[in-house]
Amino acid sequence: MGNSTLADLSGLKRRLAAVFFAVAIVLIASGVVAHRQHQASLRAEAAKMLLSIEQIKLEQLQLWREDRANSALSLLDGHKIAGYLRALTADPSDKKAADGLRARLRTFIERNGYQFAAMAGLDGKLLFSTGGKPEKMCPGVTSLIAKAKASGLPQLGDFYLHPGETTPHIDIVAPAVRAAPVRDLYLLLRLDPANFLYPLLQAWSAKGATGEILLVGRDGDELVFLNDLRHVKDAAMRLRRPLTAEALPAAMGLRGKNGVVEGLDYRGVPVLAAVGPVPGTNWAMVTKLDRDEVMKGTGTLAVLLALLVLSLLVAIGSVAFVLFRGQVEKAEEMLARLTDQVPGVVYQYRLYPDGRSCFPYASSGMEMIYEVTPEEVREDATPVFGRLHPDDLKSTGEAIAASGRDLSIFHLEFRVVLPKQGLRWRLCDARPERLPDGGTLWHGIITDITDRKLAEEALRKSENAVRNKLNAIMSPEGDIGSIPLEDIFDIPALQRMMDDMYQLTRITSAILDINGKVLVASGWQDICTKFHRVNPETCRHCLESDTILSRDIPPGEVRSYFCKNNMRDVATPLIVGGAHVGNFFLGQFLYEDDPRDIEKVREQARRYGFDEEEYLAAYDRIPVFSRRNVEVLISFYRQVSELISTLSYGKIKLARALAQSRQAELEKENLNKALAAKNKEMENFLYITTHDLRSPLVNIQGFSQNIQRDLAEIRAALAEAGLPEARKERTQKLSEEKVPEALGFVLESSAKMDMLLSALLKVSRLGRQELKPEPLEMGAMLARLVDTMIFQVREAGAEIKIGPLPLCRADAASVSQLFSNLLDNAVKYRDPARKLVVEISGETRGGRAVYRVADNGPGIAAADLERLWDVFYKPARAGKKSGEGIGLPMCRRIAERNSGGIRVEANPGGGSVFVVELPSAQGTEGT
Amino acid sequence: MNENLTILMAEDDDGHARLVEERFESVGVKNAIVRFRDGAEAWEYLNGPELKNGREYLLLLDIRMPGLDGVEVLRRIKSDARLKTIPVIMLTTTDDPKEVETCYALGCNSYLTKPVEFKKFSEVIKRLGLFLMVVRVNKVK
């Protein structure tokens, strides 16, 4: 069987049904045909029989008629009769002849069973008669005589009933030609058909109890039955029917029909009849059998046939059903196998319009999901609703109603409380479908999402904890009491410790926060986990016991009490940072001297619907300890708890302190970054500005020089020109004094400005220069510097002493520039009154290389100390010797850019000391 | 005097342009000077029909100009197969070593600080060997 079984099932059902109906139709048709054929064959057989009987009867009738005629002729042919007739013809009074004739006729009548014999003339007048009373001949006798005369042969008359008689009779006329050739004499004979003909007709030699042979004749518009009938008394010549009677076989025969017909006979009973005319007469013969007899047995056969068909149908139907059922079972088995693989239950849930509901189908997972069997909820879903968590019952009902109303997908997460598994989470997804009865049918799946939910919960808790911890750390002013205990404690570590202790002591221990939430617990007793914490009411007792009963215990004290579920609890508070944040518990035990009221326990079990025996067993398993042991243990635990509390509190305080320090560091970093950015911006501005300012200066300087150059030419021209003396003097003064003087000022000022701009450019360029920090041999560097300045130094008569200097880590070019500026200044601004001595010393202090450049110059006025580092600032004392005004600002910039600093101090022996700090080459950063 | 030489000058400041012309004149350079007011104008000329094959050119480029600046024009010239043989002298307002470095890196032949003093200019010209390179000088002052 492949995977397509489920899909094939309805197709199979259709195919099986089609085959079944086809077979049924064929079977029924065959039955009907067989039945018909059987009937037809019976009918044909009967018809054949009827025709042969008719044939025989017709022959017999013919023979009888011939026999009658011949017997009359034989009588007349007799010598004696002929003699008598001749004698009587000759002498009608010949008594002897008359007697002889009479005797002969009488013998004849008696021997042949005639009623009456007579001799008559052509006119029909009786000349002589014998037997019976002399009765009138039938009315047709004269025509019979005429026929006999014409044919010379005996004639049989028709049936004839005299008025007042009950039985008809038939007359026979024979011409006595040979006996009385002289005169026309005719022998008249009357016979009673009841004696002669009827027995012949009534004799039924073949099978058939209802067989009957009729002779019928025509009388005007009517049909008259000629012989006696089986079922009607004295019918001969009396019973009549209209010739036009449609269904009457006798009438059909008279109307010329020759063959086998079906119709209703004189009684109105269905018959099968052979009809046909009787040759030589006006009669018709009907040979009939009741149809019922002909078809006798076909009814039973039909019933048997029907039974056969029916049983065949039942058999085939059963086979089809078994076949289908087999497939269905296979399909169900496969469905079960498939649904067993589904993590959860696959189900159909049906909601009736009256509010009842059930699970028409549920896979085996039902037992895991709800702890009920699919059979238990097949008719009624109530057990399932009993499993729903009370808080989720309402929302679940509403969700079902909404889904049923809108035919929207049912998607719900909800909780169940199960006898074995306890509280679990379920996820249900189902698609509803409206049923013809107005109800709703859902097809869906319910899965166990407890693990996921727990994971989510754990994640959420851990997120909360992390967030709370962060909050606690980030808000140093926050109240420690507002931090949940679980955020203070190292829960897993405590749990491990308490688990180990439980192994030793067997006393249940727990730490609960101030709201009764269990944070750490070890060695729980069955009576709590399986009973008290499961039932909502007893669970509330637990919570109340853990909070209300344990409230307001003074720090360091231990309280012992019965919990609301009648067990011993011992509690001691946990104090962190002076705040009561939770409690330490020993519990779920009894003291040796505690009363044990079994009846009360039983009552408790009954009240909350616990299994009494299991509950009692759990109660018996509650451990029993001595007061002394418990007191020792709780004392130990209290000390451990206090230790943990203190450590935790200390940890938080430390974390806060660290956080604050880190915060300060971050702020400092940010400030430094902002400062650096500002500096850079400033330097860029400076660079562009000075550059742009220099552009117009080029014109001022350039064209001033043009004028200066051209002035010489003008002067020469003026000297040659013959100007009036006064005018000449004036122009000479202009060209030789005034204009050169003005030009001198312009050029001098612009030169000064050019210098300022160059200085500014240098400063700004410094900021843009890329620094390459490397270990610097400062002693060697300064020695080289002094070498380059040797001319100036000698000229000034100065002395420069270089002590042992530590290495630093900085950019060589810029640091060289820094010290060059400092030495330059020292030489430039020395005290002329004494020999300049510059001492350069250095040391490593706190990871920094500190260099001191001390001179014995005039020193720096207190007023200048602050502004000394400003660009273009010139101390009054500098006087004419003032330079660009950027030397010290550049020194400071260089020091800062090399992560160092510079400051100036007064030299106690007169003069100044410039202190330069740079990162030490050995020291790592930040130490 | 090399009369086949045309001096091209891109300089946005009229005064500067005049000063440069005069300083050249004062050292005896009489060649025609074609002046452009900015980099774009210069670049257009260099790519236009007026630039004749077979003639010799010297280009003076001011570094700082509005729009297309001298550095960019220099970069374009040096990456153009036809123009890259033209000698280029950058005109600087300052002797800022960083700018000078940039120009040398782009392939300029020399640089000239904007002329101020006649004496200084001629010294500079001499020092650069400019006269020997491009013109025959009658007289050195």
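1. Start with the pair that bridges the two chains: the side chains of B:Arg64 and A:Asp692 meet in a salt bridge, 2.6 Å from N to O. A salt bridge here is a side-chain nitrogen of Lys or Arg within 4 Å of a carboxyl oxygen of Asp or Glu. Across the interface of chain B and chain A, the rule finds one such bridge. Side chains of opposite charge can pair when their charged atoms come close.

2. A quick word on what you're looking at: this is a predicted model, where local features need pLDDT of at least 70 and side-chain atom pairs count only at pLDDT 80 or more, while totals for chains, interfaces and linings use all residues. Residues are numbered from 1 along each chain as its sequence is written, chains are lettered from A and ligands numbered from 1 in the order in which they are written, and side-chain values use heavy atoms, with hydrogens and water left out.

3. Back to the interface. Chain B puts 20 residues into the contact and chain A puts in 17 residues, with contact meaning heavy atoms within 4.5 Å. About 1,700 Å² is buried between the two chains, and carbon and sulfur atoms give 52% of that. Buried area is the accessible area (1.4 Å probe) that two parts lose on being put together, summed over both.

4. The rule also finds eight residue pairs in polar contact across this interface, both residues at pLDDT 80 or more. That term means a pair of N or O atoms within 3.5 Å; within protein, one must be able to donate a hydrogen and the other to accept it, and residues adjacent in sequence count only if both atoms are side-chain atoms. On chain B's side, the elements giving two or more residues are helix H1 (14–26) and helix H4 (97–106). H1(B) supplies the largest share, seven residues. Helices (H or I, at least four residues) and strands (E, at least two) are DSSP runs, numbered from the N terminus.

5. Now chain A as a whole: it has 25 helices and 29 strands. Its radius of gyration is 76 Å, well over the 30 Å that the globule rule gives for 927 residues, so chain A is more spread out than a compact globule. That radius is taken over C-alpha atoms, and the globule rule is 2.2 Å times the number of residues to the power 0.38. Along its principal axes, the C-alpha trace of chain A spans about 240 × 125 × 45 Å. Of the 927 residues, 41% count as buried (under 20% relative accessible area; exposed is over 50%, partly exposed in between, with a 1.4 Å probe and protein chains only).

6. Over all chains, the salt bridge count comes to 57. One of them joins A:Asp219 and A:Arg240 at 2.7 Å, N to O. A:Asp219 sits in strand S6 (residues 212–219) and A:Arg240 in strand S8 (residues 240–242) of chain A, so the pair ties together parts that are 21 residues apart in sequence. A:Asp219 is partly exposed at 38% relative accessibility, and A:Arg240 is partly exposed at 30%.

7. A:Arg607 is exposed, at 52%, whereas A:Glu603 is partly exposed, at 38%.
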